[in-house]
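This report covers a structure with sequence and coordinates displayed below.

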2 protein chains.
Amino acid sequence: MPGEPGGGPRAASAGSGGPARRGRPGYDRQTLMAVCVDVFIRHGYDATSMGMLAKHLGISKSAIYHHVDSKEAILEQALDDALGALEAAFDAVEAGGGSAGERVEAAVRGTLQALADHMPQVTLLLRLRGNSDVELRAMERRRTITRRLGALLEAGQAEGTVRDDVTPRNLARLTLGMINSIVDWFRPDGPHTVQDMVHSVTGVVLRGVRG
Amino acid sequence: MPGEPGGGPRAASAGSGGPARRGRPGYDRQTLMAVCVDVFIRHGYDATSMGMLAKHLGISKSAIYHHVDSKEAILEQALDDALGALEAAFDAVEAGGGSAGERVEAAVRGTLQALADHMPQVTLLLRLRGNSDVELRAMERRRTITRRLGALLEAGQAEGTVRDDVTPRNLARLTLGMINSIVDWFRPDGPHTVQDMVHSVTGVVLRGVRG
């Protein structure tokens with residue numbers, strides 16, 4: 001297994017259930033969550049067991065339970081991080097002023113920024129299959145975001161700044177398809193800054209949807 | 001080996017191995033593959049066992065082995081169907097004439113048509129994580145397709161018909177991100193025909209990348 005970050009690697013063998021380590025330096029909750037999300041992405045959420053998470057973290061299963069209640073609680077938190085950031089971006093756009101065209105642009109930029117800030121969590125979100133209530137609720141929140149973008153695009157169509165030969169719903173889906181693709185290829189530590197990426201992708205998306 | 005092909009749905013219980021039924025009508029290989037791909041999509045390839053496939057098909061595991069060597073062989077065939085169709089689309093574009101801009105348009109149309117024709121197989125392809133040699137080889141073929149689109153876009157940049165403020169590689173990734181999104185929302189039996197969808201999506205993609 002490739003090297004895992006963070007605290008006491010392999011201090012306890014997977015599944016052995018070592019003693020609780022309150023106060024012992026090790027993973028904070030955020031780092032532990034990040035490692036777990038990474039394992040979910042590499043192996044698939046359904047195929048990942050708490051034993052696998054313990055092995056990757058190099059701590060016991062009971063040490064994980066010190067931080068989180070269950071594997072599903074980790075997934076739920078990660079999905080909420082991603083969806084919360086996306087919803088906040090749309091809240092800001094809808095609360096702000098400007099023409100419909102300007103709000104579409106702000107929504108595209110805000111979505112790209114939220115994705116860049118939460119790439120692992122968004123990657124998980126995009127791969128959900130709806131196998132549990134947690135997944136189904138997250139998928140419904142994701143559909144609501146698509147509808148909010150669709151409403152902005154529809155206002156742009158009424159204004160004449162967004163093309164009207166495609167339904168707002170399908171235009172929102174296409175736009176988000178292009179935007180979401182960045183989680184597969186953009187690397188914040190790569191040659192391009194987040195700011196450059198947001199600028200470039202916004203340019204391509206907006207020209208595509210322009211009326 | 002007990003249990004032979006073909007038994008009609010639920011004729012033999014999963015894994016129990018009923019009597020041989022040569023000559024009795026049952027699944028042809030293509031239908032069996034389609035059901036298996038559907039189960040992979042719903043439950044995830046890694047989380048799907050041959051027992052689960054047998055249960056969904058309503059035949060014994062040994063009846064499945066009459067058609068295919070392994071679960072991985074089913075995946076490999078499905079991925080090859082998807083990748084073969086995409087590669088054929090690019091072969092046709094590269095063998096054909098026209099300006100770079102026309103070839104970009106033909107590649108976008110051809111990719112959309114290949115996706116519409118092989119939606120379940122492409123859905124599997126897009127969800128690969130690279131957990132086996134079969135998956136890694138398919139992912140490499142997918143990257144080659146992205147590079148081929150990148151080369152067409154680069155020729156379009158040289159010609160002045162494709163925007164040059166984004167690298168051809170990233171433009172290819174964004175374009176394919178938008179195109180690939182159709183597997184999540186386009187339904188060939190829905191209100192829009194494949195022809196309508198190809199026309200609309202090509203319009204949005206091309207305007208986005210235009211120079």
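Does A:Arg141 count as buried, exposed or partly exposed, and at what relative accessibility? A:Arg141 counts as partly exposed, at 28% relative accessibility. Buried here means under 20% relative accessible area, exposed over 50%, and partly exposed in between (1.4 Å probe, protein chains only).

This is a predicted model, in which local features need pLDDT of at least 70 and side-chain atom pairs count only at pLDDT 80 or more, while totals for chains, interfaces and linings use all residues. Residues are numbered from 1 along each chain as its sequence is written, chains are lettered from A and ligands numbered from 1 in the order in which they are written, and side-chain values use heavy atoms, with hydrogens and water left out.

A salt bridge is a side-chain nitrogen of Lys or Arg within 4 Å of a carboxyl oxygen of Asp or Glu. By this rule the count is 22 salt bridges over all chains.

| A:Arg141 | A:Asp80 | 2.8 Å |

A:Arg141 forms a salt bridge with A:Asp80. A:Arg141 lies in helix H7 (residues 133–159) of chain A and A:Asp80 in helix H4 (residues 71–95) of chain A, so this pair ties together parts that are 61 residues apart in sequence. Helices (H or I, at least four residues) and strands (E, at least two) are DSSP runs, numbered from the N terminus. A:Asp80 counts as partly exposed, at 35% relative accessibility.

A:Glu87 is in helix H4 of chain A and A:Arg141 in helix H7 of chain A, so the pair ties together parts 54 residues apart in sequence. A:Asp91 is partly exposed, with a relative accessible area of 43%, whereas A:Arg148 is buried, at 17%. Through shared partners, salt bridges join A:Asp80, A:Glu87 and A:Arg141 into one network.

**Chain A as a whole**

Chain A has 10 helices and zero strands. Of its 211 residues, 48% count as buried. Contact means heavy atoms within 4.5 Å. Among the contacts in chain A with a separation of 6 or more, 69% come from residues 24 or more positions apart.

A:Thr175 lies in helix H8 of chain A and is buried, with a relative accessible area of 2%. Not counting residues up to four places away in sequence, A:Thr175 touches A:Val108, A:Leu149, A:Val205, A:Val209 and, from the other chain, B:Met178.

**The interface**

The size of an interface is often given as the accessible area lost when the parts come together. Chain A and chain B bury about 2,600 Å² between them, 60% of it on carbon and sulfur atoms; buried area is the accessible area (1.4 Å probe) that two parts lose on being put together, summed over both. In chain A, A:Leu174, A:Trp185 and A:Arg207 lose the most area to chain B, together 25% of what that side buries.

The contact takes 30 residues from chain A and 30 residues from chain B. Between the two chains there are zero salt bridges and eight residue pairs in polar contact (both at pLDDT 80 or more). A polar contact is a pair of N or O atoms within 3.5 Å; within protein, one must be able to donate a hydrogen and the other to accept it, and residues adjacent in sequence count only if both atoms are side-chain atoms.

On the side of chain A that touches chain B, the elements giving two or more residues are helix H1 (29–43), helix H8 (168–180) and helix H10 (194–209) of chain A. H8(A) gives the largest share, seven residues.

**Helix H2 of chain B**

In helix H2 (residues 50–57) of chain B, B:Met50, B:Leu53, B:Ala54 and B:Leu57 are buried. They cover an arc of only 100 degrees around the axis, which puts them on the same side of H2(B); the arc is that of the directions from the helix axis to the C-beta atoms. The cover over the buried residues of H2(B) includes helix H1 (29–43), helix H3 (61–67) and helix H4 (71–95) of chain B. Just after H2(B), B:Gly58 takes a positive phi of about 75 degrees.
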